[in-house]
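Let's take a walk through this one, a stop at a time. Have a look at the fold first, and then we'll go through some of its parts together.

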Amino acid sequence: MKQTTTRRPRKTRQPRRPKGSSSRPWIVLLCLIALCIGAYWLAGDRDTGREPSSDRQMEQIETVRDDGKDAVYTDTSQELSDAIAAWLKEQDADTQELKREERREERQATGGTIYWTTRSTAVTLSEPFSRKKLEKFLQKSGGKASIYRVTQTKLDGQDAVEYDIAYFDTLDGDPLYLVTDKLYVLPVQEKSGLVKNIKDIFTESSSPDDEKDKPAEEKKAVTESKPKQAAPKQSHPAQVQGRLAIVIDDCGVDLDTLSRMNSIPVPLTYAVMPYKAHTAEAAASGYSAGRKIFVHMPMQPLNTTSSEEIFIGGDMSDSKIQATANEILDQVPYAVGMNNHQGSMATADERIMKSVMSVMRQRGLAFLDSRTNSASVGEQTASAMGVMTGRNNLFIDNDSDVASIKERLRQGGDMAIRNGSAVVIGHCRPNTAQALSEMVDELHAKGVDIVFVTDLMS
């Protein structure tokens, strides 16, 4: 009998595990995490659920659409405005859009038009506004955007700083600056009052097309915010022998004297200086008193330096003249025209005056040639380009003595009787206000009817 043996089951030998193999799953996991993080950062702003940063917006601003005749910067300027708005939001700024304008000016090289937009915004920050931060942000545009001008201003007696931001390009061989944004930086404690006053001013200059698209409730609110214009103060001579227009230059500095001018019972035309402490207030005060408002446009004089920091000058290209003229005109609300401040050189230069008149024509404004130079071509250039125009015949207060001013007013009255009409220019000074108030009855007695300067323009 065979003896059976029971075999023990052979143990399966486990493969020997290499040293360090226990860390392999962690390495794989870390690689996967790194890949995910890399994909996230590469996706960046392309993630549809995330708004692009202001930096990315500034870097991606498009350029002009040029069809050979018209240069359209509308999308470009809106993209720049949107980038600035995004940056302000990142600075925790409280912003309120005041106005958005469709802008245009002639493109003289092609006979076409340059189009862009300008957005005005009230800005309040929780800490002092940093110009350096703004400049650093604008540098991300690669030279396309820059601060064009910084202006201290007052609205309703409160301080504000206006930062004008421009898009820069070279068009038809000339440098081109298009102001796309006006930031009105307001003190924190004065925010509500300043915003209201700025909105009142910008509302007045809104275009009819803007009004047409607004709902009825908004139209009503806008109408109620406008200052009412009084009927012009006027007494007439019994029999009119001639008409005399009196223009008061340099308004915007002395509000007390302007108030005295407002009380004189004849129609006066106020030429308001831009960039002064009371520019907007003076224009609003005169408008409310029934006056016609002009912009007293700073222009380059002969053989001397301009008294103003910003002015129309001979070293400017046509597009720069137009841009500067537009920005100066924007400083003065309620304006229906402009006359030159200084400008003995600029008004004698046909190229400069053509560029200025192209802006006046586009905006439907009148031009009064102050005649600071007998060689001025301002009036004839305006007339040739279809701009309503006229000229000054006499300055009445080169001698500031009251008696002398009154004598010059008599001369102006005699000129009006002799020629049917005349234009004289004085300044917003106490002695001029006194002389005017004392001469009204005498002028009327001679048959001189005092009228707005626009009544004598053609």
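Why is helix α9 (residues 279-288) largely enclosed by the rest of the structure? Seven of its ten residues are buried, so the rest of the structure largely wraps it up. Buried here means under 20% relative accessible area, with exposed over 50% and partly exposed in between (1.4 Å probe, protein chains only). The buried residues of α9 are Thr-279, Ala-280, Glu-281, Ala-282, Ala-283, Gly-286 and Tyr-287. Helices (H or I, at least four residues) and strands (E, at least two) are DSSP runs, numbered from the N terminus.

Before going on, keep in mind that this is a predicted model, where local features need pLDDT of at least 70, side-chain atom pairs count only at pLDDT 80 or more, and totals for chains, interfaces and linings use all residues. Residues are numbered from 1 along each chain as its sequence is written, and side-chain values use heavy atoms, leaving out hydrogens and water.

Now for the backbone around α9. Gly-290 follows the helix and has a positive phi, near 85°. In the loop between β9 (269-272) and α9 sits Tyr-275, a non-glycine residue with a positive phi near 60°. Tyr-275 is buried, at 16% relative accessible area. Most residues other than glycine have a negative phi. Gln-342 also has a positive phi, of about 60°, without being a glycine. Gln-342 belongs to strand β11 (residues 335-342) and is partly exposed, with a relative accessible area of 24%.

Next, helix α13 (residues 402-419). Gly-420, with a positive phi near 95°, follows the helix. Its buried residues, including Val-402, Ile-405 and Leu-409, pack against β8 (242-251), β14 (394-395), β15 (421-427), α14 (430-445) and β16 (448-451).

Last stop, the nonpolar cores: sets of buried Ala, Val, Leu, Ile, Met, Phe, Trp, Tyr and Cys residues joined through side-chain atoms within 4.5 Å. The largest has 61 residues, and those with the most contacts inside it are Ile-246, Tyr-270, Met-338, Val-356 and Met-357. Apart from it lies another core of 29 residues, among them Ala-83, Phe-129, Ile-147 and Ile-165. Contact means heavy atoms within 4.5 Å.
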